[in-house]
Amino acid sequence: MSDSAHSATIRRLLEAARELPESLRHSRMLELGADPVQIAEVDSLLLADAPTSAWADGRARHTDATETGSAELRAGDSLGSWRLLEEIGTGGMGAVYLAERSDGHFDQRVAIKLIRGIPDSETFVHFARERQILAKLQHPNIARLLDGGATPGGQPYLVMEHIEGVPIERFCAGQDLDLRARLKLFQQVCEAVHFAHQRLVVHCDLKPSNVLVRADGMPVLLDFGIARALDQQPGRREEMSASAWVTPLYASPEQLRGEGVTTASDVFSLGLILFELLAGRRARVNAEDHTITLLGQAAVRPSDLAEAMPWRSRLRGDLDAIVQRATAADPAKRYDSAESLAQDLQRYLELRTVTARRATPGYRLSRLLRRRWPVFAAFGVVLALAVAFTWQLAIERNRALKAESEAITQARTAEQVSEFLVSVFDVSNPRSKQDRTISAREVLDQGAERIDAELADAPKVKARMMEVLGTAYRYIGESIRAAELLEQASALYLDPRVDQPMSAANALSSLAVVYSNNDYPVSKAEGAALEALRLREQFAEPDSLPVADALNSLAIVRQNQDRLDEAEALLLRSLAIRERLTGKESRQVAANLHNLARNEYLSGEDMDKSIAYFERALELKRRLGGELDPDFETTQSDLGKALRDSGKRERAYDVLSKNLALAREIHGEESEYVAGAHNEYAYLLHDMGRFKEAADEYRASIAIRTRLGNDDSASFAIPLNNLASALEDRGDYAAAEPLFRQSLELRRKGQDAGSLMIAHAEYNLARLLIKSDRLEEAGELDASALSIYRKHYDESNRNVIKVKLQEIHRLLDMKKSAEANALMEEVLASEASLGDAYLARQHSLSARIVLASGDIKMAVAESELALGAIRKAWGDHHPLMVAYALNHARLLAQDGQDTEARELVASVADLAESFAETAWERKELARWGF
């Protein structure tokens, strides 16, 4: 086209578009035969200050502040807690400033984007709502959205992580990256885009200038989802569209037509970026360049245009096809996700067949030959030397073809799984007939219900879908459904029709963790973990990552069996494998560190070591996945527990209260994880002597589990037991007893006979019955608990000793002092390492024994030791020391030390409000006149 003809065309398009609303301009120019470059040129004329085009109609352009995006604020001005330093960019959306914190709290530099052209309050509200979604998008390859708000003049602004880097195409050119390096870099971009798509966030404006590469080679995506966030609600599409905020030179055809954006739109833009990295030039260089249209029609290839690139010949075939598929004009013909695009590039790098090309026998064989050329070269040499080796080489070839066939089968299975998942998640499609918000659980429930009906004739796909959905249920805290599906998946993987033992091992390993973390019978957890390890040792390489995973799962089971030395050995072996194969900063290593911390926590011997492990795991998880990662929340919760049990209750309070809020943010209120967070927070309040608050939190945990339908499991017994304990400590024995009994019944029903969980519950109920003077039933329960503990531990174990101490209490209440004294001799002769709380109980019982013999002085001395131990355990002023103080005061009074006795009672009198009206502590304080 000549210059005069081109100018005439642009004038004609300009006149046709000038008076139209923004939402109609692009579609009208397309009707008049304009190509994307011409559309961009007209946009630039309509918005002379916006080379990348942005929305602006008459209303927005009448306001100077929104027209320039920088007239209201300049370098040196303050915006909230930020001070603008210098303007570092400007474009269609507005101006971008480098800024720093101005409140002095800490040093931080950010990029602040001042958004122009928000037309009304409705759009502003929509933008603010979308901004909240974008702020949760945390990924190492996505620039974080840190803050946002409105300027004094009413225009919105965004505070984003400041990235020092260069656009991806300039980085590749400046570093002279080869083809492979460019593809690996681009794959990281695809992974970041796919991460956002999984969270239902579409970028809408992908282009090289929005992909900066830092000096360390890490690509970071900017402005993620901002164009979509600036879009109006669906009901206002006739007035504006997300396509109006995008860059025409990289926009998909459907965006230019003003249609709704989807993940396919981002795939199209990724295809154009990939074209640029491969061909060394843009897909659109001037008005006469129709490359993008031809790409969409598969009428031109990158290799045709990469004249200056040394790898031009290597683009022919696979890479040409990949770019053409990504940039297809019809969205349905593109890759179904950014992940699929990245996977096809990985297949190319691994010399495997790519999905963008038809897998003809010749094509498959050519890839097989390239991938296994040493084998085929050897075949030729050996054939030339001796025909005798032909048979053996044929076998090798058949093995290779079988492997290729298996790979194709796996690919087909993956495709069917993908199609099924897409159909399941279509229930949450905004265009569906559903008129309400669909929860993750409802989507999973629908998928699980459809598996049997729709996948009966596809056992491989059925097995994989059961594992996928089981894993998804596990991560949203639905342990019962997770266990059911993982059980079925592991069995089906081992079915001869499927015969995938390694996949079965994966499902079994996950199943063992679900069993262990949710108090299923230990025998089930152990069986699943051992079978997973056996399969992996049989079918995987020695000391490989699958073996490390199986060792880690078995260690978790051993922890719940209280076989901590075995668990530690398994974890250290797993950690060594993972550090060797994945480096010291990986999610697998973080998992091992967490479990090593838990091992130390359960042993109770070195809580500082446990805390150190948890802190290492937590920091590693923060770097790898951010604080909104469920794995981060799990470790933070366990760190809080370790801090609590080590006596660092103030710090534990800070960690566990924050963790409850984090669990709600990640999982929503109706989740087992949130129920667990309530329980752990309550446990801390309980330890702090805030019994009533603790009881309320325990009830919140119980209520969530009840609403979820998980009130008939052994795991439900835990918050029941804890609530009963809080009520017991308040002195409300009548309210505590039915809860203790329900907890025991659930454990007996859901656990193996002889389970430690059953023994713990029997001990707790017996303790309450002794306090209620129901001594015969208490004795039966103590005998049963002691029998179980002795099967697991020797006589010096703390669990054995605590039952003996409880039996001494019961015998003394039955006036059997001689028997109580004999049992106390056994306790004193043991080498048990008792904590301060149990030591306090031992001295208190010793005081009662010597008092029965008439030695008041010795009784006072033992009672004083008991009071000192309980103060050391709980602090100088805690409700749980009141009983010890009252007992000691009674002995002091008997010894004639009335003044000291009364002073002691007075020192704890203000703790009366911690107890129920019926509590004996409250009655005893009243007897003393307090």
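Let's start at a turn: in the hairpin of β8 and β9, four residues sit between the strands, and glycine 217 takes a positive phi near 90°. Keep in mind that everything here comes from a predicted model.

**Around that hairpin**

What holds β8 and β9 side by side? Three bridges join β8 to strand β9 (residues 219-221), and the two run antiparallel.

Strands of a sheet pair through backbone hydrogen bonds, and the pairing can be parallel or antiparallel.

**The six-stranded sheet**

Now move to another set of strands. An open sheet of six strands runs in the order β1-β2-β3-β4-β6-β5, with antiparallel pairing. Which strands form its edges? They are β1 (78-79) and β5 (145-150), each of which pairs on one side only.

Read the order again and you'll see β6 written between β4 and β5. On one side, five bridges join strand β4 (residues 109-115) to strand β6 (residues 156-161), running antiparallel. If you want a residue pair to find there, alanine 111 has methionine 160 in β6 as its bridge partner.

The hairpin of β5 and β6 has five residues between the strands, and glycine 154 takes a positive phi near 100°. So far the positive phi values have belonged to glycines, glycine 217 and glycine 154, but other residues can be found with one as well. Leucine 200 has a positive phi of about 65° although it is not a glycine, and lysine 815 also has a positive phi of about 65° without being a glycine.

Lysine 815 is in the loop between α37 (798-813) and α38 (817-829), and its relative accessible area of 71% makes it exposed.

Serine 252 is found in the loop between α9 (226-229) and α10 (253-256). With a relative accessibility of 0%, serine 252 counts as buried. Leaving aside residues up to four places away in sequence, serine 252 touches Ser265, Phe268 and Arg334.

Glutamate 697 lies in helix α32 (residues 691-707). Its relative accessibility is 17%, so it counts as buried, the cut-off being under 20%. Again not counting residues up to four places away in sequence, glutamate 697 touches Leu660, His678, Tyr681, Ala682 and Leu685. Glutamate 697 and proline 719 are 22 residues apart in sequence, while their C-alpha atoms are 9.5 Å apart in space.

| Residue | Relative accessibility | Class |
|---|---|---|
| Lysine 815 | 71% | exposed |
| Glutamate 697 | 17% | buried |
| Serine 252 | 0% | buried |

**Empty space inside**

Rolling a probe the size of a water molecule over the atoms shows where empty space is left. How many cavities of 30 Å³ or more does a search of the whole structure find? The count is five, and the largest cavity holds about 110 Å³ of space.

Some residues you've already met turn up in its lining: Leu158 and Met160 are there, and so are others including Leu134, Ile142, Arg144, Asp223 and Phe224. What sort of residues are they? The lining of the largest cavity divides into 10 nonpolar, no polar and two charged.

**Stepping back**

Finally, zoom out to the whole chain. Its secondary structure comes to 43 helices and nine strands. Of the chain's 930 residues, 52% count as buried. The accessible surface is about 41300 Å², with 51% of that belonging to carbon and sulfur atoms. And among contacts in the chain with a separation of 6 or more, 60% are between residues 24 or more positions apart.

Conventions
Residues numbered from 1 in each chain as written. Predicted model: local features only at pLDDT ≥ 70, side-chain atom pairs only at ≥ 80, totals over all residues. Heavy atoms only, no water. 1 Å grid on protein atoms, 1.4 Å probe; cavity = no way out; pocket = protein on both sides within 12 Å on 5 of 7 lines; lining within 4 Å. Points joined across faces, edges and corners; volume = space filled by probe spheres on them. Nonpolar A, V, L, I, M, F, W, Y, C, P; charged D, E, K, R; others polar. Pairing = 2+ DSSP bridges. Buried < 20%, exposed > 50% of the residue type's maximum accessible area, 1.4 Å probe, protein only. Contact = heavy atoms within 4.5 Å. Areas by Shrake-Rupley, 256 points an atom, 1.4 Å probe, with all protein chains shown as cover.
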